[in-house]
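Reader: Please take me through this predicted two-chain model with some care, and define each term when it comes up.

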Amino acid sequence: MSDTELQWIPDETTPAIPVRTRVVSIVVFAAIFLAIGVVIGRLTAGIPANTGSEAIRRPSPEKSSQSPVEPPSMALKGEEPPIQKPASSPAPQTKQTPSPPVVLNPSSAEEGPGQEDVGKRARAVRERRIESTRRENRERAPDDQRDVFSRPMRDYQSLRQYMLSR
Amino acid sequence: MHRLLYIFLMCFSLAPPAQGREALPDWVLYVNDRFGFSFRYPVGVFEPDRRAEAGDGEVFTDVGGHARLLVGAFENVGVHSIQSYMNFIRTESYSGYNVDYAPHGQTWFVLSGENDQNVFYEKVMFSCSGRLISSFALIYPVARKAMFDPVVTGIEKTFRPATNCGQYVRH
């Protein structure tokens, strides 16, 4: 046997890592990334798209103390049997009393605003929110556009007849 | 390395999008300028149909034209009590329905029922010491209860009666 026959010449086309190992590693990576993607997708699903609705979910402090009316009932048709409630039975929403403000720095809070000031501030915030909503509504639907989509009638009673007659 | 990056991007693109899965309607706040009653409604479900020139109400219709939502407020010129106004609209507006739900409190009541075709749900609230009456009413097909019952729930939870006691402009 000559020296030339024993000499090993490496084939450059042969992969350094066997094909089987490559495939296994790709499959493992794919499975890991797929799992990460699914987990991120599920986590982000809980993030609300519109934070504007949060204001409604919170009990409004000035509503419970300043509102001239009894708070609305949450009672719905499917939630309780169709019986007449006695007038004295409280609506479920009346139980939602606003939690007292938490004083983070009691020493500086002694001379701070009282409950009335808190109520005024909350009322002012609510007024500002409603006013900004009105502004947004006007900007979103100017009069000429509303005339196309929302045709006028005389008053509420006319609307009621229109609705019930359809 | 490029192949790895490709796989990475492909896997993330396969992850189901959060927004697409939720697909909840966008609930917008409606505030009445004249009387100050307010509520939220799903803008993708209901669109404004008719509004009152007096500024005291509006009718919304669903996109398919099957359901109607009426909101409004008015002065209690008839000096109605909860019971008398409940009886009034029960006979005047819903005589063709079988009313099976009628709870009430000191300043509010609900009437609801159905006939062969439609379901109705109306909530009425007295405010400003009984001088103003605010209400919302929905009528929708019985066949679409599954779709509109949650809408009723959402409107019910966000509806606030008129608050402009004496500040509204008389028409």
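Reader: Which residues of the largest nonpolar core touch the most other members?

Author: A nonpolar core is here a set of buried Ala, Val, Leu, Ile, Met, Phe, Trp, Tyr and Cys residues joined through C-beta atoms within 7 Å, where buried means that 20 or more other C-beta atoms lie within 10 Å of the residue's own, exposed means 12 or fewer, and partly exposed lies in between, with C-beta atoms placed from the backbone. In soluble globular proteins, nonpolar side chains tend to be buried together. The largest such core in this predicted model has 48 residues, and those touching the most other members are B:Tyr41, B:Leu69, B:Leu70, B:Phe136 and B:Leu138.

Reader: Which strand gives the most to this core?

Author: Helices (H or I, at least four residues) and strands (E, at least two) are DSSP runs, numbered from the N terminus. With seven residues in the core, the strand that gives the most is S9 (residues 132–141) of chain B.

Reader: With which residues is B:Leu69 in contact, leaving aside its neighbours within four places in sequence?

Author: Two residues are in contact if their C-beta atoms, placed from the backbone, lie within 7 Å. By that criterion, B:Leu69 has as partners B:Tyr41, B:Phe46, B:Val59, B:Phe60, B:Phe136 and B:Leu138.

Reader: How confident is the predictor in chain B, and where does pLDDT stay under 50?

Author: Residues are numbered from 1 along each chain as its sequence is written, chains are lettered from A and ligands are numbered from 1 in the order in which they are written. As this is a predicted model, local features need pLDDT of at least 70 and side-chain atom pairs count only at pLDDT 80 or more, whereas totals for chains, interfaces and linings use all residues. On pLDDT, the predictor's confidence in each residue from 0 to 100, chain B averages 86, with 83% of its residues scoring at least 70. The stretch where pLDDT stays under 50, and for which the model has 10 contacts beyond four places in sequence, is residues 16–23 of chain B.

Reader: Which residue of chain B does A:Ser158 touch, not counting residues up to four places away in sequence?

Author: A:Ser158 is found in helix H8 (residues 156–165) of chain A, and it is partly exposed because 17 other C-beta atoms lie within 10 Å. Within its own chain A:Ser158 touches A:Met153, and in chain B it touches B:Ala52.

Reader: Is B:Ser129 buried or exposed?

Author: Most residues other than glycine have a negative phi. In the loop between strand S8 (118–127) and S9 of chain B, B:Cys128 has a positive phi near 55 degrees, and B:Ser129, in the loop between S8 and S9, has a positive phi near 60 degrees. B:Cys128 is buried, with 23 other C-beta atoms within 10 Å, whereas B:Ser129 has 11 and is therefore exposed.
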